[in-house]
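This report describes one protein model for a reader who has not seen it before. The sequence and the structure come next, and the description follows them.

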Amino acid sequence: MLCPVVRKEQSKMTTSDIQGKDNKITALYCRLSVDDADKQSDEESNSIKNQKQILQDYCKKNGYHNTRFFVDDGISGTTFDRPGFKEMETLAEEGKIGTIIVKDLSRFGREQTEVGRLTQIVYPSLGITFIAIQEHVNTSTGEGVEIMPFHAIFNEWYAAQTSKKIRQVWKTKSEHNMRVSHHVPFGYVRDKNDKEKWLIDEEAAKVVRHIFELFLSGMGTVQIAGRLKEEKVLTPNAYYASIGRGYTFDLPDDPYKWKDSTVSHILDNRKYTGCMVNNAYSTVSYKVHKTTLIPEEQRQIIPNCQEAIVSEDDWLRVHELRKNRRRPLKSGKTSKFSGLLFCHDCGSKMHFCTSRTYGPNQDFYRCAMYKNGKDYCSAHIIRNIVLERIVLIAIGDLADFVRCYESVFMYMVGERNKTLKSEALKAEKMKLSQAEKRQNELDFLTKRIYEDNAFGKLSDDRYEKLIQSYEAEQKEIDKTIAELQAKLTRTERESLELSYLFNKLRNLSQVTELDPELVNTLIKRIEVHQRENRDGRKVVKVDIYFTAIGMFDIPSEKEINAIMRRMNGDRKTA
Ligand SMILES: [Zn+2]
């Protein structure tokens with residue numbers, strides 16, 4: 001089962017979600033200045049009364065409830081030492097405010113550094129949306145955020161505070177904002193009513209599905225590109241041009257000329273399973289360590305963000321297979337086992353030895369380290385036809401066993417892999433959530449001492465000492481979390497693969513011939529032993545590692561009975 005990753009990002013929330021969830025206060029902030037600069041501007045338009053009116057109208061129109069005014073009359077925008085503002089900030093820190101709305105950015109403050117810190121770092125970390133009506137800024141949708149001239153401010157601020165940490169945070173945030181405009185993959189189209197939403201573009205999605213099918217049937221990317229050309233399937237660019245969605249309306253010279261890299265790109269794109277893949281963290285945090293590109297295993301996968309074009313199962317199979325790249329052979333023949341077959345003794349790949357002139361009985365495999373009789377490794381020769389028969393029998397036997405003894409099979413697998421059991425999984429998840437809790441605490445503490453230092457409550461010396469100890473702990477805890485997450489991802493993948501294998505085997509009717517798809521989906525690895533002479537006959541032992549369960553010895557009737565007794569015993573003691 002996939003563990004759903006909670007989407008922390010607020011951008012998908014609608015106004016009513018924000019309002020309906022916990023009915024937090026919508027803070028409407030007004031300020032009238034005594035500054036000369038402000039006086040010269042249109043005083044009437046900035047009067048508190050006028051500001052209030054604008055804010056009220058905005059809330060009515062956009063469905064913000066539970067509103068409350070916070071007013072500072074006659075106070076400069078260069079200081080944040082204002083009673084109304086302070087009151088609002090206290091409530092914000094207590095988590096009571098959901099949204100802060102101002103008429104324009106300058107109402108909020110003229111000290112741009114501080115405005116930037118609050119709107120870009122502090123409020124997002126508290127889950128607060130900041131809206132400036134005049135500038136069309138809305139931090140929950142990312143709208144208008146880029147017009148806030150924070151990059152320049154940030155540098156200024158950085159120089160003053162010499163805080164590397166904060167600079168890093170800034171980088172994360174801006175990288176994230178850039179990702180918001182990420183392009184929509186071939187097969188989807190942006191929803192006209194909701195920019196964030198993707199809909200399936202059926203015409204293109206058909207092509208995507210076709211590509212996955214072809215790959216799972218054993219074709220490589222080059223072959224698939226060739227096939228698409230034969231079938232006169234428009235390339236993505238040609239397709240966009242044909243419907244007027246591309247950058248150009250001119251059809252390319254050869255609209256069917258698919259590149260294998262395009263095919264690869266489509267096969268590797270996990271978003272076709274309906275998920276989002278976040279390389280960076282979507283929430284703003286004070287952590288330095290999180291800004292590096294996250295390894296594949298730890299990327300944040302958020303399922304069900306759009307309708308799936310390809311099933312999760314199929315995508316994972318394709319992904320597994322692409323890790324063992326397969327190339328078509330010069331002879332034009334392809335091996336059903338390429339990428340799967342290894343020498344048991346030296347671990348190297350087995351070469352498929354064939355030629356156009358060979359009959360089907362003559363194709364064979366040989367250890368890649370066996371070089372013309374030189375003794376790197378012995379030949380480990382096995383004929384293709386023999387191997388096919390062995391694999392066919394192994395699959396058939398396993399399928400028979402699974403069909404007849406479903407529960408015994410699941411019990412055996414469970415015993416072999418304890419982490420697949422739910423109690424063990426629960427314990428791991430518990431550990432992870434504890435570590436994450438501590439991570440949040442450290443986040444909070446880091447932020448708190450930063451603020452204390454910025455407002456002069458904490459000496460630089462003391463701040464340095466504290467930050468160093470927090471950082472050290474942070475590093476440790478980040479490591480722990482990464483390890484636990486990787487472990488859980490692995491377990492989830494294993495259990496997913498197991499259910500895939502199980503369903504495939506259960507529904508397998510009489511197998512009489514091996515097709516590459518069957519081999520690729522059911523088998524992970526095959527090892528070939530050196531032949532032996534046994535009672536005057538030559539015998540080759542082959543180890544078959546199935547997907548998810550590895551080597552599996554089908555138990556005898558006696559063994560099955562023993563397992564069943566154990567299962568009953570477990571049930572009684574449980
Ligand atoms: Zn070898």
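In this predicted model, strands β10 and β14 (residues 523-528) run parallel and are joined by three bridges. Within that pairing, L341 stands opposite I526 of β14. The two strands belong to an open sheet of three strands, ordered β10-β14-β17, with mixed pairing. At its edges are β10 (341-343) and β17 (542-546), each of which pairs on one side only. On average, and with direction ignored, neighbouring strands of this sheet are turned by 25 degrees against each other.

**The protein as a whole**

The secondary structure comes to 20 helices and 17 strands. The protein has 574 residues, and buried residues make up 25% of them. If contacts between residues at least 6 apart in sequence are considered, 65% of them join residues at least 24 apart.

**The five-stranded sheet**

Another open sheet has five strands in the order β2-β1-β3-β4-β5, and its pairing is mixed. Strands β2 and β5 (137-138) stand at the edges with a single partner strand each, so one side of each has no neighbour in the sheet. Two helices pack on this sheet. Helix α4 (residues 48-62) touches β1, β2 and β3, and its direction makes about 155 degrees with that of β1. Helix α5 also touches β1, β2 and β3, and its direction makes about 145 degrees with that of β2.

Strand β3 (residues 97-102) is mostly covered, with six of its six residues buried. Strand β1 (residues 25-32) runs parallel to β3 and is joined to it by five bridges. One of the paired positions is A27, whose bridge partner in β3 is I100. Strand β4 (residues 129-132) also pairs with β3 in the parallel sense, over four bridges. Here the bridge partner of T99 is T129 in β4. In general, side chains in a regular strand alternate between the two faces of the sheet.

**Helix α5**

Which residues of helix α5 are buried? In this helix (residues 83-93), they are F85, M88 and A92. Seen down the axis of α5, the buried residues fall within an arc of 65 degrees, so they line one face of the helix. After α5 comes G95, with a positive phi near 80 degrees.

Most residues other than glycine have a negative phi. N66, a residue other than glycine, has a positive phi near 50 degrees. H380, also a residue other than glycine, has a positive phi near 55 degrees. N66 is found in the loop between α4 and β2, while H380 lies in the loop between β12 (364-367) and β13 (382-383).

Are these residues buried or exposed? N66 is partly exposed, because 16 other C-beta atoms lie within 10 Å. H380 is buried, because 25 other C-beta atoms lie within 10 Å.

**A residue at the end of a helix range**

R416 lies in helix α16 (residues 406-416). It is exposed, because 11 other C-beta atoms lie within 10 Å. The C-alpha atoms of R416 and I549 are separated by 8.7 Å, and the two residues are 133 residues apart along the chain.

| Residue | Other C-beta atoms within 10 Å | State |
|---|---|---|
| R416 | 11 C-beta atoms | R416 is exposed |
| N66 | 16 C-beta atoms | N66 is partly exposed |
| H380 | 25 C-beta atoms | H380 is buried |

Definitions and conventions: Residues numbered from 1 in each chain as written. Predicted model: local features only at pLDDT ≥ 70, side-chain atom pairs only at ≥ 80, totals over all residues. Buried ≥ 20, exposed ≤ 12 C-beta atoms within 10 Å, placed from the backbone. Pairing = 2+ DSSP bridges. Arc of directions from axis to C-beta. Contact = placed C-beta atoms within 7 Å. Axes fitted to C-alpha atoms, helices over the stretch in contact; angles between N-to-C directions.
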